[in-house]
Amino acid sequence: MRTFTAIAGSAIFLIAAPGVVAGLIPWLLSDRWGLPWSAMPGFVLAGWVLILAAAAVLLHAFGRFALEGLGTPAPIAPTEKLVIGGIYRHVRNLMYVAVLSIILGQALLFSSWTLVAYAAVGAVAMGAFVRLYEEPTLSRRYGEEYDTYRRNVPGWLPRLTPWRG
């Protein structure tokens with residue numbers, strides 16, 4: 001896949017998947033007609049920090065897929081190479097962690113237990129998808145390279161030091 005096609009495909013998938021899961025659906029679930037922030041200023045600040053940091057991580061991850069992997073995160077247009085650089089040296093499921101962090105940031109921002117519940121349901125669904133589809137698919141596609149990466153980099157809680165493999 002050419003770089004331009006990989007970037008375009010990743011941008012479309014960014015809008016279609018995380019844009020809907022971490023943007024549109026939380027907006028629809030939240031009380032968007034009420035005050036757009038929590039009554040607790042500390043929660044507002046924490047929410048914004050979490051949202052902005054996770055959005056930056058998400059953009060980093062999508063960029064890695066297009067430029068390092070020469071593909072997209074979408075299963076229909078996978079990368080040519082296994083993406084294990086950048087922040088992926090700390091955690092394997094970087095995009096899922098970022099999306100859940102954005103949702104939880106919005107839960108803090110809007111003081112919304114509905115968004116906390118949505119994040120919990122999303123975490124279970126993402127975990128099942130990773131375990132039942134993504135890990136077996138990546139293992140078949142990239143073989144020992146993925147298996148070594150999987151043994152050394154945690155799936156959900158980032159390691160403090162980057163993996164040097």
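Trainee: Leaving aside neighbours within four places in sequence, which residues is serine 10 in contact with?

Mentor: Happy to start there, with two notes first. This is a predicted model, where local features need pLDDT of at least 70, side-chain atom pairs count only at pLDDT 80 or more, and totals for chains, interfaces and linings use all residues. Residues are numbered from 1 along each chain as its sequence is written, and side-chain values use heavy atoms, with hydrogens and water left out. With contact meaning heavy atoms within 4.5 Å, the partners of serine 10 are Phe62, Phe65, Ala66, Gly71, Thr72 and Pro73.

Trainee: Is serine 10 buried or exposed?

Mentor: Serine 10 is found in helix α1, residues 3-16; helices are DSSP runs of H or I with at least four residues, numbered from the N terminus. Buried means under 20% relative accessible area, exposed over 50% and partly exposed in between, with a 1.4 Å probe and protein chains only. Since the relative accessible area of serine 10 is 3%, this residue is buried.

Trainee: What is the angle between the planes of phenylalanine 13 and phenylalanine 62?

Mentor: Rings of Phe, Tyr and Trp (its six-membered ring) pair if their centres lie within 6.5 Å; planes under 30 degrees apart count as stacked, over 60 as edge-to-face and the rest as tilted. The whole structure holds six aromatic pairs. In the one you ask about, the centres are 6.2 Å apart and the pair is tilted, at 35°.

Trainee: How many residues apart are the two members of that pair?

Mentor: Phenylalanine 13 is partly exposed because its relative accessibility is 22%, whereas phenylalanine 62 is buried at 5%. The pair links distant parts of the chain, with phenylalanine 13 in helix α1 and phenylalanine 62 in helix α3 (residues 41-67), and the separation is 49 residues.

Trainee: How are α2 and α4 oriented to each other?

Mentor: Axes are lines fitted to C-alpha atoms, for helices over the stretch in contact, and angles run from 0 to 180 degrees between N-to-C directions. Helix α2 (residues 18-29) and α4 pack at about 10°, with axes 9 Å apart, and Pro18, Val21, Ala22 and Pro26 in α2 meet Val99, Ile102, Ile103 and Gln106 in α4. Angles under 35 degrees count as roughly parallel, over 145 as roughly antiparallel, 65 to 115 as roughly perpendicular and the rest as oblique. So α2 and α4 are roughly parallel.

Trainee: And what about α5 and α6?

Mentor: Their axes come within 6 Å and cross at roughly 130°. The residues that meet include Arg131 and Tyr142 in α5, and Glu144 and Arg150 in α6. By the angle, α5 and α6 are therefore oblique.

Trainee: What is the phi of leucine 70 near?

Mentor: Most residues other than glycine have a negative phi. Leucine 70 sits in the loop between α3 and α4 and is partly exposed, at 23% relative accessibility. Its phi is positive, near 55°.
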